[in-house]
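Take a look at the fold below.

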Amino acid sequence: MLLIPTLLFIAGLVLLVAGAEVLVRGASRLAVAVGISPLVVGLTVVAYGTSAPELAVSIQASLAGQPDVAVGNVVGSNIANILLILGLSALVAPLIVAQQLVRIDVPLMIGVSLLLLGMAYDGRVGRLEGGILVVGAIAYTLFAIIRSRKESRSVQQEYEDEFGPREPSSVWLDAGLILAGLALLVVGARWLVNSATVFATALGVSELVIGLTVVAIGTSLPELATSVVAAIKGERDIAVGNVVGSNIFNILLVLGGASLFARDGMRVAPAVLSFDLPVMIAVAVACLPIFFNGLIDRWEGGFFLIYFAAYTTYLFLKATQHDALPLLSGVMLWFVFPITAVTLGVLALRRWQKAQQESQ
């Protein structure tokens, strides 16, 4: 019964990942060919490219009248980007965190997350609010370009090694790659959304749960590949910056763009407002004390992965009303959350004291 939807889902994921890769390759080569620096290419073209699957899926879901898939895709992707992708990347190698991320990008990620919560508080993100978010994405892109001129030579060299220089190529070939990438994204998104709906019906869970988990993880594969490969290659600034930038783009560009395509705005389910959005915000806030030291250690990566497993397990237990749900909820509420809060507080205090001592 589920064979054909499963094959379509897998094929959709393959097309999304391939489409993002082809799109990024064509756009990066074209940008470098016209004289744009590799650093700017990494901050803009690649950032948009790795968010392209989320954008394609959320717009397709919006047009198909499936807001739970669209919203769940964005919220779930942002949670997966930090807990799953940074967790796996940190296990590969401890990740270096640039201080500008702590001073600017992470607070901005928290800020746009809170903005989304405020916009969605009435149960809907309207077209006007979606337009505001898209304008914010454009402003963030321009800010990233302006800020890139002040980057240190070591950071510029890191992006040069990753994204350029490219061999001379045909402008028409690069344009063709861009169009081919867009086409693959459109087809892949359609197959993914349609099969996800079938899964939700067959498994007896909501489209929201499928969007928060299966679809969100699937559309985060480009970010996963980019960050893990960057960590393996020692380009650990890119690994962290890619995740934070992607989370900002997911809210501003993906959800904002999808809201513009929804006839009456994007409906946000009460469950998202009461649980998943607060989890997304809490995960973003937790980045500050962990990033403050300029390094994400392997044990912190493992900490992220454990939380991601607990979050995903909770969603499915709640969706199926499993008997183990009260036990998991009690353990998380009375033991895991308090211990985590104390740990993050101690980390923040120690790292602040260390920074004060180094500044004296």
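Start with helices α4 and α9 (residues 207-219), which pack at an angle of about 50° with their axes 7 Å apart. Axes here are lines fitted to C-alpha atoms, for helices over the stretch in contact, and angles run from 0 to 180 degrees between N-to-C directions. α4 and α9 are therefore oblique to each other. Angles under 35 degrees count as roughly parallel, over 145 as roughly antiparallel, 65 to 115 as roughly perpendicular and the rest as oblique. The crossing of α4 past α9 is right-handed; that is, the near helix is turned clockwise from the far one by less than a right angle. On the α4 side, the contact includes Asp 68, Gly 72, Val 75 and Leu 84. On the α9 side, Leu 208, Leu 212 and Val 215 are among the residues. Contact means heavy atoms within 4.5 Å. By class, eight residues here are nonpolar, six polar and two charged. Ala, Val, Leu, Ile, Met, Phe, Trp, Tyr, Cys and Pro count as nonpolar, Asp, Glu, Lys and Arg as charged, and the others, Gly among them, as polar.

This is a predicted model: local features need pLDDT of at least 70, side-chain atom pairs count only at pLDDT 80 or more, and totals for chains, interfaces and linings use all residues. Residues are numbered from 1 along each chain as its sequence is written, and side-chain values use heavy atoms, without hydrogens or water.

α4 has another partner. Its axis and that of helix α10 (residues 221-232) come within 8 Å and cross at roughly 20°. α4 and α10 are therefore roughly parallel to each other. This crossing is right-handed. Ile 85, Leu 88 and Val 92 of α4 are among the residues that meet α10, whose side includes Leu 224, Val 228 and Ile 232.

Now look at the core. The largest nonpolar core has 86 residues. Such a core is a set of buried (under 20% relative accessible area, 1.4 Å probe, protein chains only) Ala, Val, Leu, Ile, Met, Phe, Trp, Tyr and Cys residues joined through side-chain atoms within 4.5 Å. Ile 82, Leu 86, Val 240, Phe 291 and Ile 296 touch the most other members. α4 (residues 67-92) gives the most to this core, with 13 residues. Beyond its neighbours within four places in sequence, Ile 296 contacts residues including Leu 86, Val 240 and Phe 291.

Finally, step back. Of its 360 residues, 52% count as buried.

Methods. Buried < 20%, exposed > 50% of the residue type's maximum accessible area, 1.4 Å probe, protein only. Helix = DSSP H or I, 4+ residues; strand = E, 2+ residues; numbered from the N terminus.
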